[in-house]
Amino acid sequence: MLLEVRDLKVAYGAIEAVRGVSFSVDRQEIVTLIGANGAGKTSILRALSGLADIRGGSIEYAGQELRGARPHEIVRMGISHVPEGRLAFLNLSVHENLLLGAYIRKDKKGIEEDLDKVYGLFPRLRERARQISGTLSGGEQQMLVVGRALMSNCRLLLLDEPSMGLSPILVQEVFGTIVSVCRMGTPVLLVEQNAGMALSIADRGYVLETGRVLLEGESSALAGMEEIRAAYLGE
Amino acid sequence: MEHFIQLLIFGVQLGVIYALIAMGYTMVYGIIRLINFAHGDLVMIGAFTAYFVARIPGFGFIPVMVAAMIVPAVISVVIERLAYRPLRNRPRLSVLITAIGVSIFLENLPRMIPVIGPNYRPFPQLIAFREFRLYGSAVVNTIQITNIAASLILLTLLIGIVRFTKTGRAMRAVSFNKEAAALMGIDVNRVIALTFFVGAALAGAGGVLYSLTYPMIDVLMGVWLGTKAFVAAVLGGIGSIPGAVLGGLLMGIVEVFATAFNSELGYGAGFIILILVLLFRPEGLMGRPTIEKV
Ligand SMILES: Nc1ncnc2c1ncn2[C@@H]1O[C@H](COP(=O)(O)OP(=O)(O)O)[C@@H](O)[C@H]1O
Ligand SMILES: [Mg+2]
């Protein structure tokens, strides 16, 4: 396993947001965490990135313990995290945002190639390369933060609700990108409220409820379950 | 006309120094939203460093300048580490009050050190004085040329670094959002420390240049200078680097012209401009209206 999380607990003061969650992500896999608002999905990703207060459990990544590492060190270990609420640097140009995605890299040539790849994937970003990213639409900003994450040449990609606030067409586009990222060899841990979309592209999934794992399994199996269809797929 | 040119030279000479000092206020504010009240005192530390280093045989203007930039820069990094960083996630008022405390400390500690003490000291003449006729009776001297040239070089260097280098990008990213910056692999603490370092180095340089023109220094010299540079930073739009340059120049020029008109007016002129500008543009001349973050 590339990532093995055991009995993770996260709290904000007295509020226990994550109460003992275990899951794993293997190489070549898209794994999704789904669950209603407040289930603890974002807290789990923040814990993986060293941004949340971990109260218990362990996070083993590529044979190393991540607990206690600082956020920038975790990025250097190969984990790239697209946070909730598309945090593009709105005071920087599109191009500069993408370069920041490659902040930890030294291979100039590889960076150039990946820039081309990202611009190829999202032609709209190429058109707006010199523009301050604060002038982009919400959908374009979402492409930008996904593209920025791809610039990091990471070994594991964490995505927090990449479909939020996007039109259905853009959602398709972003999810298509996620699939191709994984095909190129980067595993993805995808957090979504849009459970139907998430399960349609993921290999495996975990259903969270109030900080615990309620169900886990192959995506196709989860998508077929009565209680999931009723609670998360709106059927 | 001659008179105008002469005053303009005085104004620019003073303005570039305000700009150098304003830069530290604006950069620290930009990166951690702190008004660093101790910043003015770094100007004084720079001037005193120069005062002592200039006694070393063979140390001319440039080595003195380098020393006067490094010493306050290192002190500033230590202050950030010990006094500000532990409070970073606390209410902003706590850090502000700490900054005032640090300032009082920096103004009073040197008074007790026998070689410094509370009295005025004559600043060494680091630049050989010569005057050149410019236009009619208007003249420019070597000190003014040094002031303006050194300031412009330092300011250009700084702007270049912030705009065009990877480190500058990291600074701008941290100033926008620290968590998002950390997720790029940026060591946020290091970038903040670097910002304090650079800001204080410019303040130290400002201290030396100011003392070349007004060669009497004392431990409280940073208070008034710092206040005026702070006003310049707010005038230009605090957080904005070009704003600090514009604000500094404007402050210097207005002050000189107002003083020439009426010597009492000189002191208040900058503040009057500040009030007028803030009435119509609360974010300052080049400041951006704050982008609300979620
Ligand atoms: N910064 C915070 N301070 C206090 N409580 C928080 C904070 N962030 C999240 N929580 C709480 O933790 C729980 C899990 O939230 P979150 O991880 O954001 O869930 P999700 O991403 O699944 O919507 C919620 O009850 C939420 O109110
Ligand atoms: Mg969330």
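Mentor: Let's begin with Asn97(A), which sits in helix α3 of chain A; helices here are DSSP runs of H or I with at least four residues, strands are runs of E with at least two, and both are numbered from the N terminus. Before going on, keep in mind that this is a predicted model, where local features need pLDDT of at least 70, side-chain atom pairs count only at pLDDT 80 or more, and totals for chains, interfaces and linings use all residues. Residues are numbered from 1 along each chain as its sequence is written, chains are lettered from A and ligands numbered from 1 in the order in which they are written, and side-chain values use heavy atoms, with hydrogens and water left out.

Back to our residue. Asn97(A) has 0% relative accessibility, so it counts as buried (buried is under 20% relative accessible area, exposed over 50%, partly exposed in between, with a 1.4 Å probe and protein chains only). A polar atom of its side chain lies 2.9 Å from the backbone nitrogen of Phe89(A), and a polar atom of that side chain is also 3.5 Å from the backbone oxygen of Leu92(A). Setting aside neighbours within four places in sequence, Asn97(A) is in contact with Ala88(A), Phe89(A), Leu92(A), Ser133(A), Leu144(A) and Arg148(A), where contact means heavy atoms within 4.5 Å.

Arg148(A) turns up again at the largest cavity: 13 residues line it, and Ser80(A), Arg148(A), Ala149(A), Leu183(B) and Met184(B) lie nearest its centre. The elements giving two or more residues to that lining are β6 and α6 (138–150) of chain A. Its volume is about 90 Å³. A cavity, on a 1 Å grid over the protein atoms alone, is a set of points where a 1.4 Å probe fits but cannot get out; a pocket is an open set with protein on both sides within 12 Å along at least five of seven lines, and lining residues have an atom within 4 Å of a point.

Now for the second largest pocket, with a volume of about 500 Å³. It is lined by 15 residues, and those nearest its centre are Pro71(A), Arg88(B), Asn89(B), Val188(B) and Asn189(B). Two or more lining residues come from each of α2 (71–76) of chain A and α7 (178–182) and α8 of chain B; α7(B) gives the most, with three.

Follow α8(B) along and you'll find it mostly covered, with 20 of its 26 residues buried. Its end C-alpha atoms (residues 188–213) are 38 Å apart, which agrees with the 38 Å that 26 residues should span at 1.5 Å a residue; the expected span is 1.5 Å times one less than the number of residues.

Next, find the magnesium ion (ligand 2), coordinated by Thr42(A) through OG1 and Glu84(A) through OE, at 2.0 to 2.4 Å. Thr42(A) is in helix α1 (residues 41–48) of chain A and Glu84(A) in the loop between β6 (79–82) and α3 (94–101), so the pair ties together parts 42 residues apart in sequence. Glu84(A) counts as partly exposed, at 33% relative accessibility.

One last stop is Glu161(A), in the loop between β7 (156–160) and α7 (168–183) of chain A. Its phi is near 50°, a positive value in a residue other than glycine. Most residues other than glycine have a negative phi. Glu161(A) counts as buried, at 5% relative accessibility.

Note on methods
Donors = N, O, S within 2.8 Å, 3.2 Å for Na, K, Ca; no water. Polar contact = N/O pair within 3.5 Å; in protein donor to acceptor, adjacent residues only side chain to side chain. Points joined across faces, edges and corners; volume = space filled by probe spheres on them.
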